[in-house]
Amino acid sequence: MSVPTTGSLDRRRFLSFSGAALGAAALSGCATSVNNSSSSGGGKKTFTVMTVADEWDKKTKQTIEQLLDVKLSVITYDIAKLNAMLASKNPPDVVRGFGATQTPYFAARGLMTDLDPYFAKSSVLKASDLDPVNDVWRYDGKKQGAGPRYGMAKDYSQDSMLWYRTDMFEAAKLDLPSDTEPLSYDALLDLGKQLVKRRLGKVKVYGLNATGMGVFAQLTGMTASAGGSLFSDDLAKVDFSSPEALKALGWYLEYAKADIGPNVVNPNPDGWDGPTYQANRMAISCNGYWFGGLIGGDAKLAQVSRFAPAPQLGGHRVSSCFGATGFWIPKDAKNKDTAWKLFEWYFGGKPAQDRAASGWGIPSLTSLRSRMPQGTAFQKQAFEVQQRETQYFSVLPFTPYAQVDALDAVISKVLPDAVKSGTSVGKVADELNTRMNDQLANGKELVG
């Protein structure tokens, strides 16, 4: 499968399709039914995959149909439609999702298939070959990172890492970030303030985008690096009032007030960093290894771009993944064995080998790491930085009681007014706690 070197990136496109959490109506079976028949008019069974619109081109779809002996039906990811199909017990055969933030939510509701028996029998996908990032697809009923495997990442990145423009640093007479030692968040903020360029009071060149995968996810990582956790031990509450979380929240409020990069008050009109970075309008982009696939497609851009470790808010070095995008099989799916064949081909066959060589993500299988590109100076530098960073990965357990989209929606509602009015960080923390914990309480009641 060919991998694009320009244009929209699938992870960012996926974010645009994500919506609100499963509602009570959907879980009670009140959602409308969506037809997902098991056979087509031509005699072959229909095999349904819910994913982003451009997951596969026409030729790849034909390959899948031949490989699986099916009529492939691709449904563009839509949370409302997925809710309806899950509620009616007529789900897609395979669903694309974010392991890092969605596994606890769907697994706690009994909506995902335990894949351990499939891994145990497979000669292609073995648990011993899985990169540790795949642990985000595990849930033991109480905590993420242990228990059955409910999905698998197709590739991943440690999403707080930094890409930066050497030409912009040199023009500002600033030292380049280290390849080995992480910046502090305070130092990063200072760099962003020095690199931003304005014209007539408006930002012409962003100095920094600090939240490539969303504000809530970034705050969880920042809090962890300060030695704390946004979630309580039972994952049923958030606490933005802890010293570590207050430090993270205060940093973000200062970043937003400085208006040096996309934020809750002034979001990026481009929608994501790719077009902005390509157009020479962003000096530092907080995105993981995958972003190098975009940069590497432009030789001139690659020549002035470098990769750096994830910044840290405290002394507990953490470099987590907030996506681990991959597939899962609904518990009520009708073609589970066929779905597993797709897993073996897409995650362990030639498509996985091609993705590994493309630079658009770290392979999900450790046996494919040797295929990561190192042919150019740009690729080699990024590879070496990434290899050193791997040791700092850890699973940051996510709550089963709400989806990240709903928590980010609270942030989007509360923070803009707080930034404009200069509300104290303590009062902002209190409001976030109240609103989010109401949502989490409702979610816990639904799960039981």
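Start by selecting methionine 112, which counts as buried because its relative accessibility is 5% (buried means under 20% relative accessible area, exposed over 50%, partly exposed in between, with a 1.4 Å probe and protein chains only). This is a predicted model, in which local features need pLDDT of at least 70 and side-chain atom pairs count only at pLDDT 80 or more, while totals for chains, interfaces and linings use all residues. Residues are numbered from 1 along each chain as its sequence is written, and side-chain values use heavy atoms, with hydrogens and water left out.

**Stop 1: methionine 112**

Methionine 112 sits in the loop between α5 (99–108) and α6 (116–121). Helices (H or I, at least four residues) and strands (E, at least two) are DSSP runs, numbered from the N terminus. Show the residues around methionine 112: leaving aside neighbours within four places in sequence, it is in contact with Thr103, Phe106, Ala107, Trp137, Tyr150, Trp328, Ile329 and Lys331. Contact means heavy atoms within 4.5 Å. For a distance check, pick the C-alpha atoms of methionine 112 and valine 95, which are 17 residues apart along the chain and separated by 10.0 Å.

**Stop 2: methionine 50**

Methionine 50 is buried, with a relative accessible area of 0%. Not counting residues up to four places away in sequence, methionine 50 touches Ile75, Thr76, Tyr77, Asp78, Lys81, Leu82, Met85, Pro92, Val94, Val95 and Arg96. C-alpha to C-alpha, methionine 50 and phenylalanine 119 are 22 Å apart in space and 69 residues apart in sequence.

**Stop 3: two residues with positive phi**

Select lysine 89, in the loop between α4 (79–87) and β3 (94–98). Lysine 89 is not a glycine, yet has a positive phi of about 60 degrees. At 56% relative accessibility, lysine 89 counts as exposed. Then select aspartate 259, in the loop between α10 and α11 (273–278). Aspartate 259 is not a glycine either, and has a positive phi of about 50 degrees.

**Stop 4**

Leucine 365 lies in the loop between β14 (362–363) and α16. Leucine 365 is buried, with a relative accessible area of 3%. Residues touched by leucine 365, not counting those up to four places away in sequence, are Leu125, Asp129, Leu130, Asp131, Met152, Phe347 and Gly348. The C-alpha atoms of leucine 365 and glutamine 353, twelve residues apart along the chain, are separated by 9.7 Å.

Move to helix α16 (residues 377–389) and pick glutamine 386. Glutamine 386 counts as buried, at 0% relative accessibility. With residues up to four places away in sequence not counted, glutamine 386 touches Gln158, Met161, Tyr289, Phe307, Ile362 and Met372.

**Stop 5: the nonpolar cores**

A nonpolar core is a set of buried Ala, Val, Leu, Ile, Met, Phe, Trp, Tyr and Cys residues joined through side-chain atoms within 4.5 Å. The largest one has 56 residues, and those with the most contacts inside it are Phe216, Phe240, Ile284 and Leu432. Elements that give two or more residues to this core are β8 (162–165), α7 (166–171), α8 (185–195), α9 (215–225), α10 (243–258), β11 (284–286), α17 (404–421) and α18 (425–447). A second, separate core of 47 residues includes Ile75, Leu111, Met161 and Trp272.

Center the view on isoleucine 284. Apart from its neighbours within four places in sequence, isoleucine 284 is in contact with Leu162, Trp163, Tyr164, Phe169, Leu188, Leu191, Leu195, Gly207, Leu208 and Asn209.

**Stop 6: α17 and α18**

The axes of α17 and α18 come within 10 Å and cross at roughly 155 degrees. Axes are lines fitted to C-alpha atoms, for helices over the stretch in contact, and angles run from 0 to 180 degrees between N-to-C directions. The crossing angle makes α17 roughly antiparallel to α18; angles under 35 degrees count as roughly parallel, over 145 as roughly antiparallel, 65 to 115 as roughly perpendicular and the rest as oblique. On the α17 side, Ala406, Leu407, Val410, Ile411, Lys413, Val414, Leu415 and Ala418 meet Val428, Glu431, Leu432, Arg435, Met436 and Gln439 of α18.
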